[in-house]
Amino acid sequence: MRPAKPAGAAALRREPKVTGRMPGLGLTFRLVRLGADLLLPPACNFCGAELPSLAESPLFCSACRQAFQALPVAVCRRCAAPVPADHREDDCPRCRNRRYQFQAAVALGVYQGALREAVIRMKQSAQEPLTLSMGYLLADRVREVLAASLPDLLVPIPAYWLKRVWRGVNSPDLLVETMARRLRLPSANDLIRCRRRTQKQGTLLPSERAANVRDAFAFNSDYDIVGSHVLLVDDIMTTGSTASEAARTLRRAGVARVTVAVVARGVGLAQRQL
Ligand SMILES: [Zn+2]
Ligand SMILES: [Zn+2]
């Protein structure tokens with residue numbers, strides 16, 4: 001295997017796009033909101049509780065922050081699912097028979113309680129501040145878990161363009177925006193794109209999900225990322241089929257190592273994976 005290239009934009013042929021903002025009205029909307037923010041005391045981006053006037057990002061009250069960062073006793077290194085405290089293997093019953101194309105996964109927590117509600121809200125464009133703040137928490141978790149082996153590049157798992165336009169927001173783009181800032185790492189929002197419409201993963205049987213996303217992503221050949229370590233970012237991972245397919249696209253293009261970072265790890269069959 002080729003050695004990983006040094007961290008930073010040196011691994012790329014051209015400067016990556018660092019932001020994942022909405023086109024058109026996005027900037028105007030942000031400026032208007034910034035004006036409003038200056039007049040109001042800061043508030044928790046999840047429950048709305050007032051925060052001290054000097055509060056810094058992520059704007060969460062301590063109760064919400066604790067709820068989001070509550071970890072299971074132990075998690076599987078490969079798929080981030082909860083495992084018993086005495087678990088010693090590198091994989092777990094959930095991922096043992098899966099041929100994931102990523103090597104490791106990091107999650108802020110399990111898709112339940114406050115974290116589940118946050119992920120659902122993050123799909124609405126009005127919840128952009130919540131998503132941006134969640135990116136800070138996820139960045140801190142990534143730093144804690146990966147420690148000395150941080151990735152060279154952050155990449156959001158893309159949605160089909162029609163879905164992005166319809167929603168007006170793509171939470172993985174926003175997560176990457178703050179994660180890149182917090183970790184001081186480059187990001188590339190256009191490294192891979194979703195080239196066709198896929199069915200909602202949550203409506204399919206786990207056995208049908210891999211086929212649903214097969215060849216759904218295309219690699220942007222303007223980038224040279226051979227030998228690098230890429231962090232793929234999404235809001236939720238359930239079966240891991242979507243993340244694995246995105247990782248497959250990257251590995252085909254020469255990426256040496258792929259780690260997945262998600263806000264929530266879904267562990268039930270009925271949960272949605274987008
Ligand atoms: Zn709160
Ligand atoms: Zn596992």
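Predicted model: local features only at pLDDT ≥ 70, side-chain atom pairs only at ≥ 80, totals over all residues.

Me: Which residue in β8 is the bridge partner of D234?

Reply: That's V262.

Me: And what joins β7 to strand β4?

Reply: Four bridges, and those two strands run parallel. β4 covers residues 153-156, and its V155 sits opposite L232 of β7.

Me: Is β7 mostly covered or left open, and how many of its residues are buried?

Reply: Mostly covered: nine of the nine residues in β7 (229-237) count as buried.

Me: OK, zooming out. What order do the strands take in the sheet?

Reply: The order is β3-β8-β7-β4, an open sheet of four strands with parallel pairing. β3 (104-110) and β4 are at the edges with a single partner strand each, so each has one side without a neighbour in the sheet. From one strand to the next, the twist averages 20°.

Me: Which helix packs on the sheet by touching β4 and β7?

Reply: Helix α6, residues 171-183. The direction of α6 makes about 130° with that of β7.

Me: What about α8, where does that one lie?

Reply: Across β7 and β8, at about 165° to β7. Helix α8 (residues 241-252) also forms a β-α-β unit with those two strands, and the unit is right-handed.

Me: Switching topic: where is L51 found?

Reply: In the loop between α1 (26-39) and α2 (62-69).

Me: Why does L51 come out as partly exposed?

Reply: Because L51 has 17 other C-beta atoms within 10 Å. A residue needs 20 or more to be buried and 12 or fewer to be exposed, so that count falls in between.

Me: Which residues is L51 in contact with, leaving aside neighbours within four places in sequence?

Reply: P42, A43, C44, L59 and C61.

Me: And how far apart are the C-alpha atoms of L51 and S62?

Reply: They are separated by 9.6 Å, with the two residues 11 apart along the chain.

Notes
Residues numbered from 1 in each chain as written. Chains lettered and ligands numbered in written order. Pairing = 2+ DSSP bridges. Right-handed = clockwise from strand over helix to strand, strands pointing away. Contact = placed C-beta atoms within 7 Å. Axes fitted to C-alpha atoms, helices over the stretch in contact; angles between N-to-C directions.
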